[in-house]
Amino acid sequence: GFKCGIVGLPNVGKSTLFNALTRTAAAQAANYPFCTIEPNTGEVAVPDPRLKKLAAIASSKEIIPTRISFVDIAGLVRGASKGEGLGNKFLANIREVDAIVHVLRCFEDDDITHVEGRIDPVGDAETIETELMIADLESLERRAEQARKRATAKDKDSLTVLPMMEASLKLLQDGKPVRTMLKDLADEDLAILRGLNLLTSHPVLYVCNVSEEDAATGNAHTEAVAKMAAAQGAETIVVSAAIESEVAQLPDEEAKEFLGALGLDEAGLDRLIRAGYSLLDLITYFTVGPKETRAWTIERGTKAPGAAGVIHTDFERGFIRAFTIAYDDYITLGGEVPAKEAGKARDEGKEYVVQDGDVIHFRFNT
Ligand code: GDP
């Protein structure tokens, strides 16, 4: 599955957020209760209002949302790249994730110690980014030196990876994270870069943790973070971990009231989960029938057989066609039969790139 790693300095609210996330998942998806894979990893249901609408039309007995994982990565402090705090353990954890949710402390509270002795989320972000860049720089310098020696016609692997190593090194030496070049890369280069397993090549989402009073409005700290994030082309969301941990324990209706009284129209966690999902460049397609309406996750750009393979490898191996209706057509026309009658059901082949919201029946050989 796809994993978002939650990082941040100590005492910024990572665990509070992580615990709230794992509680709310249990409430949202009774059939897939939150499950702890490891003590610090949890799977959560991805909230998607389209599921209810599809299920209503198809009279489905069950709704099954799709899920993503969050990992609470503790132990990052100034000096982590030199082995301070949990040092290497932390670095190993972060290599396993696909995207980074960077929690920044934007709340004042004299009772909660700040490791650096002051509230400065932009400074905190730089502290962590610096540790990650140093770790990448050191590991790359070592590997690039070897690759340069080996990069001859005889060692094609080294020849292939060296340009991406050099490009990454150049960025890091200029004090820039490797992810700043992601948007300019071709697919082959992206794949090579992924293989390098760097820490600063993951996409980042900044989460500003604010006090309850600032949850609806943000504050001067969150504005500073938003400005920094915009300059990097990154997204920011404002949540109050304190509110979220309360809301996560309430039944739906009560949660809505509680949020409404605070001037919020949606739980911050729902926004966080969805932001994590889009940060990973994931999209959803649906299978819809009387038994269940179910959401499935694929990477944007996945073709029909690959999408079928998410359900079962047999579906991919024996793939014949994908009987497909766009979500909007399914809803506006009122289901599969009327969509078919209106000519809005397509029989797609193995080159079809599955779109977000597609309602699909796969036909396959067994
Ligand atoms: P972590 O070290 O980043 O995982 O931080 P924790 O989630 O353990 O939080 C550290 C302390 O800050 C705990 O005592 C939390 O209750 C407190 N805390 C977390 N979020 C908030 C918040 O939004 N406001 C206030 N006042 N305290 C918070």
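1. Two strands are said to pair if DSSP finds at least two bridges between them. Helices (H or I, at least four residues) and strands (E, at least two) are DSSP runs, numbered from the N terminus. On these terms strand β3 (residues 62-64) runs parallel to strand β9 (residues 292-299), the two being joined by 3 bridges. Within this pair, E62 stands opposite E292 in β9.

2. The model is a predicted one: local features need pLDDT of at least 70, side-chain atom pairs count only at pLDDT 80 or more, and totals for chains, interfaces and linings use all residues. Residues are numbered from 1 along each chain as its sequence is written.

3. Strand β9 also has a partner in strand β8 (residues 282-288), with which it pairs in the antiparallel sense over 7 bridges. L282 stands opposite E299 in β9. With 3 residues between them, β8 and β9 form a hairpin.

4. A further sheet deserves attention. It is open, has 6 strands in the order β2-β4-β1-β5-β6-β7, and shows mixed pairing. Its edge strands, each pairing on one side only, are β2 (41-45) and β7 (235-239). From one strand to the next the twist averages 25°; angles run from 0 to 180 degrees between N-to-C directions, and axes are lines fitted to C-alpha atoms, for helices over the stretch in contact. Strand β1 (residues 3-7) and strand β5 (residues 99-105) run parallel and are joined by 4 bridges, with V7 opposite H102 in β5.

5. Helix α4 (residues 121-150) lies across β1, β5 and β6 (204-209), and runs at about 140° to β5. P121, V122 and A125 of α4 make the contact with H221, A224, V225 and M228 of α7; residues are in contact if their C-beta atoms, placed from the backbone, lie within 7 Å. By class, this contact of α4 with α7 has 6 nonpolar, 1 polar and no charged residues. Here Ala, Val, Leu, Ile, Met, Phe, Trp, Tyr, Cys and Pro count as nonpolar, Asp, Glu, Lys and Arg as charged, and the others, Gly among them, as polar.

6. Helix α5 (residues 156-173) and helix α6 (residues 187-195) pack at about 85°, with axes 10 Å apart. Because of that angle, α5 is roughly perpendicular to α6. T160, V161 and M164 in α5 meet D189, I192 and L193 in α6. The contact of α5 with α6 has 4 nonpolar, 1 polar and 1 charged residues.

7. How is the chain divided? It comprises domain 1 (3-279) and domain 2 (301-364), with bounds that come from an automatic or database domain assignment. Taken over C-alpha atoms, the centres of domain 1 and domain 2 are separated by 32 Å. In the contact between them, 5 residues of domain 1 meet 7 residues of domain 2. The side of domain 1 that touches domain 2 has 3 nonpolar, no polar and 2 charged residues.

8. Which residues come nearest to the ligand? Of the 16 residues around it, these are G13, K14, S15, T16 and D109; a residue is near a molecule if its C-beta atom, placed from the backbone, lies within 6 Å of it. At least two residues of the shell around the ligand are supplied by each of α1 (14-28) and α8 (241-247). Helix α1 gives the largest share of the shell, 3 residues. By class, the shell around the ligand divides into 6 nonpolar, 8 polar and 2 charged residues.

Notes. Angles under 35 degrees count as roughly parallel, over 145 as roughly antiparallel, 65 to 115 as roughly perpendicular and the rest as oblique. Two residues are in contact if their C-beta atoms, placed from the backbone, lie within 7 Å.
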